[in-house]
Every structure is written in structure tokens, then in C-alpha cells.
Amino acid sequence: MSIIEIKDLHKVYDGKSLPVYAVNGIDIKIEAGEFTAVVGPSGSGKTTLLNIVGGLDEPTEGEVFIDGVKITGLSGREKTDFRMKNIGFVFQAYNLIPVFTAKENVEFILHLQGKPKAEREKRTKELLEAVGLGDRMDSRPNKLSGGQQQRVAVARALASKPKFILADEPTANLDSKSTDNLLEIMEKLNREENITFLFSTHDQRVVSKARRVITIQDGVVVSDIRK
Amino acid sequence: MISSFAWRNLWRNKLRSIVIITAVTLGIFAGIFLMAFMNGMVNDRIQTIIGTEISHIQIHRPGFVESDLFTLRIANADSVVDVVKSIPNVSAASKRIVINSMAASAETGTGVKITGVDPESEKKVTRLYTKIIEGKYLDGTGKNSIVIGETLAKKLKVGLKYKIIITVQDVNNNITGGAFRVVGIYRTDNNMFDGANIYVRNSDISALTGLDGKEAHEVAILLSNNDATEEAGKSVAASFPQLEVKDWLRISPEAGYLVSAMNQYMYIFMVVILLALCFGIINTMLMVIMERVRELGMLMAIGMNKLKVFMMIMLETVYLSLTGGVLGIVGGYFVTRYFEHAGINLYFWKEAFASMGYSAMVYPVIEPGTMIIVTIMVIVTGIFSSLYPAYRALKLNPSQAIRS
């Protein structure tokens, strides 16, 4: 069974004079362990697609299944709960909580899930060590570089043991070294722990590392290449 | 963790939080202190009413309070006083002859209330003897001595050793009069009282009116504490079913209204302060929400449900209100406690205060119950202030908020 199954997905926004077809009939299946990049020019619909797949937005038409569960049509509360348990998010601007340390940022989602303290601490330590930040656990985001912050964000996304990681242009704000470092970590997690990644990106370095590249233009898939 | 998160969020923008906390602190401090100040004024007025004017409980023949009829006398007042003294919580009792009559000096005359007292017994019931500003209080020396208020002395244009003619009705319903020499002038905090009340010895007024010395119109009772009034009143009434027993609240209902009205005014005042602060807090929290749109979007995206987002915003608001509130309450408490002993002397408004029956020296008093109620009001204000900002946070669309 596919981890992500997108069926005939449409998203239409009410424009000022004409409707805007952000996603216009997309069918995609993503299997467990894939390392997939969704690419396309600005306004092509990739962020809308990821928002719908991540349960942050509702399509106008079509269905999205995550590990067999149809998430389109779930209530707001059900979607929030589903996201917490099944989807890890990595955002372009890191979006860490500035008043929390790296450890607390990762631990927070486990706290939302009601995990016991011992389990939270063990998992947080493992994840931060896995992204190479075992020695910066007590640092607040403003004491970390952009690359380090994004690695904390990856650790946070992995904390709840999600079915896949959804990353919206994760390297857009990073320099080359940090980008390479982050990609290396994500590749390693994908390879060694079979974690599924789905990116939207403009970054050719990310595209070159991806094993599957889906190109979107004007809301439709124009190519889907497996390397 | 949500509570820790909310507390830390409070200090993200220290200056802004400190400004609003200071505003809340000053508002609550002002409210607490003003409540204590007004409470002190009212307490002082009540103590004056009890200690100088009325005492806690009075016994009369039925109808005397309404009519002031000379004929409505308690036949054996001394035995009534003896029985009353044996009732628990009664610290002193004194019989009085009370007559409304005319007092005249060489220059002018006016209506007065004459109270005939046994000076030594009366000293144990009322503190009027402590209010003498010229001369002395009534004692066993000299015949037909009289103590008058400062306001009346000015009205009659008399001073110490002046003679005043009082005209009264005697036991045979004849009009009779007597000359009394001013031996003392008192000043209470109530100008109206001072202008209408004169005190003579019971024996002198009895001789003038033909009473036998055992009769009296009134027995005034002082209790060991105000709280015992109701219980002691019931015991006294049970001992003298044929007499009318009234406590100070029923003799001077305006004093009771004063207490309850002042309490209500003060709480209304506090509500107005809190309402004003409420808008400041709402404004601050709306700014907080606007600044954190992206973060709130992220929190909702990663699975923080609406209830937890609501709780977080609410806790931040409550912490903001409560921090200022607690500082204001504690500050108000300690400043009140200082002035509770030191007092606040409003000397410049002394006359204005006296014309309303209040002392110019105010000793603010704050009750523990008031502190608890104010604390609850602050918490409720915090919760109330959080509702709209929290609602705004809940209305955010996570996908749009993240990209804001």
C-alpha cells in the first residue's frame, strides 16, 4: 500500500475576475521510503499540493489517502490529530519556538502526544544526536545557525515517528554548506531508517539528491522521473 | 508544558509586558488603596456612631424612638442596667434621660436634644468625654453643669462658664426651665451632632423635670465587639420583652446603608478600573497574536489542537493580568498596613469632612475577604481579556499563517 495516494486532486481559488486553478487534476502515489522532490516554478501549485497532502488545506475536488486513511473530508479536529501522529513538517523558515531550547522544541510534539517524560527525553536525545546536535540540546534557536535550526526542525518532524516528512523548501534559507549537511542527514535517515521524504523545492542541490522528481506546472504533473 | 510555554512567551517582549504589568499593578494598587481608604472612613464613622453617638444597643419603651415622648419612660432603669450588665458580651450600660427641647443663651436660642447621663457610667459606654476641647466633662462637682458641642457654642455665642437656659416639660406636663453653666465644650467629627446635642447630669435634669432619679428614657449598651451585636441584641430583647430593643443598625439605618453602599461603590470602582485594564490587555494580546501568526500556524500544523492553542493564549493573558494584579494587591496591602497605623491626615479638608460626620484623620483598613475578592476579579479579568485574542488565534488558517 502506498504511503501517500493522491487521486484526481483539484484546488480552485476564487480570483478577482477568474477562478485560479492551483491544482488541476493531480494523481500521484508515493511509496514508503521514497525520497521525492516536487519541483516547479513559483505559482505552479506545489505548495498548495503539499498543504493538501499535509492536511493543512482542503481540495476543491479529489481525495488524499495517507497509509490508507482518507484525510480529505476529515474534520478540523481529526486533521489536527492526524497530523500530529502521522506527518512530520519541516518549514522553509525553520519555525522553531524561540523561547524553547533545541531539546524542548523536539520534545514539544511528544508532549502534545502525551508521551511519558522518560520516553520524551530518550527520543529527543536520540534525534538531536542523529542530526548532529547532541551538544547543542540546551541552546535556544537564536544561538543556533540557520542550518542547525533546520536540523532541529528535522529532529522535531521525526519526533512523533511520522509516516512521512513533508518539507516545504527546507533549504531555501540555507547556505551551501548547511544545505549539504542537511541533505546528508535527511538522506541518511531515509536510507538507514526508511523514512519517507516529500519536498517542494527550487534548489537544484535537493533535486540532484532526490531519487524521484515530480515536476508540476500550472497545477498539473508534467513529469515524474524516478532515478 | 503549555503553562511553562505561556509563561516564557510572556517575557518575549519584556518592555511591552512590563508596561502592561505596570499599568495593571498601578490600577489594582489604586483600587485596593482607595477601597481601604473608604473602608477606613466608613469604619471610623461607624465607630463614631457607636462610640460617641448611639452605642451598640439601646433599650426604650415602645414608641419612644419614633415619638420622643417624655412620658415613655422605663420605670426602673437601674435594675434594667443591672440585668443588662450580666448578659454575655456586654461591657457597659448606662441609663439616659432624653428630652428634645430649647436651649437659649443671652443672645439666641435653638432646638437641642438634652441627654441626662450618669457621668461615670456614661464614660464606660461612650467616648464623648475624650472629645472635650475646652473645660471638662461632667463630674460630681457643681450643680446644673452642661457640656455642649463646639458648633452649638458658636451658634449660641457662648463659651465656658456661660449660662444656658433650657426649657423642658416636667412630669406634670408643665413647661419649666433651668439655667445650666457650660463646663465643657466637645468636638466630634460630626458638626451636625455637635450642633444639636447637649449633656447634663441625670440628677440635675431629674430635679428640673420632677423625675424620681430611677426613671430613664433610654438604656445604652456597649458591647465588647461589633460582631456580637445581633446575638447580644436577642439576649437583651429576651430579658425585656415589654421593652423595645434596637441595635445601632436599626437606630441609625443610614449607617448600615453607608456600609453596604460604600462596599458596592468600591466594587463598582474596581470593576471600572479592571474594565479599563481589560482593554489594554486585549490590545497587547492582539499585538502578540499578530506578531506570532507564523508560529501559531506552525503549532497548529504540527498538531497543537485548538483547545491547547486557546489555553496557551488564555494562560499568557491570565499570567499578564495576574502578575500585575498580585504586585498591585501586595503593594496595596503593605501600603495600607503602613497607613493603617500611621493614618492619613487630611487636615486641609477637615471642615468639609466634619460637616459630613467624618474624621479628617483616616486610617485605611483592608479586609482579607476584600483581597480575595479582588484577586478573583483580577483572574476573571484575565480570562475575560483572553477570550477575543484567543478567538482570533483560533481563526487562523495554519497553511496561510505559516507562509505569512
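Contact means heavy atoms within 4.5 Å. The model is predicted: local features need pLDDT of at least 70, side-chain atom pairs count only at pLDDT 80 or more, and totals for chains, interfaces and linings use all residues. Residues are numbered from 1 along each chain as its sequence is written, chains are lettered from A in the order in which they are written, and side-chain values use heavy atoms, with hydrogens and water left out.

**View 1. Surroundings of A:Phe89.** A:Phe89 lies in strand 6 of chain A, residues 87–90 (strands are DSSP runs of E, at least two residues, numbered from the N terminus). With 4% relative accessibility, A:Phe89 counts as buried (under 20% relative accessible area, 1.4 Å probe, protein chains only). Leaving out residues up to four places away in sequence, A:Phe89 touches A:Gly54, A:Leu56, A:Arg83, A:Ala153, A:Ala157 and A:Leu166, along with B:Ala301 and B:Ile302 of chain B.

**View 2. A:Phe89 and A:Val206.** The two residues are 117 apart in sequence, and their C-alpha atoms are 17 Å apart in space.

**View 3. Helix 15 of chain B at B:Ile383.** The helix spans residues 368–394 (a DSSP run of H or I, at least four residues). B:Ile383 counts as partly exposed because its relative accessibility is 34%, between the limits of 20% and 50%.

**View 4. Nonpolar surface patch on chain B.** B:Ile379, B:Ile383, B:Phe384 and B:Leu387 make a patch of about 320 Å². Patch residues have over 30% relative accessible area and no salt bridge, with nonpolar side chains joined within 5 Å; a salt bridge is a side-chain nitrogen of Lys or Arg within 4 Å of a carboxyl oxygen of Asp or Glu. Areas come from the Shrake-Rupley method with a 1.4 Å probe.

Terms used
Patch = residues over 30% accessible without salt bridge, like charges linked within 9 Å, V, L, I, M, F, W, Y side chains within 5 Å.
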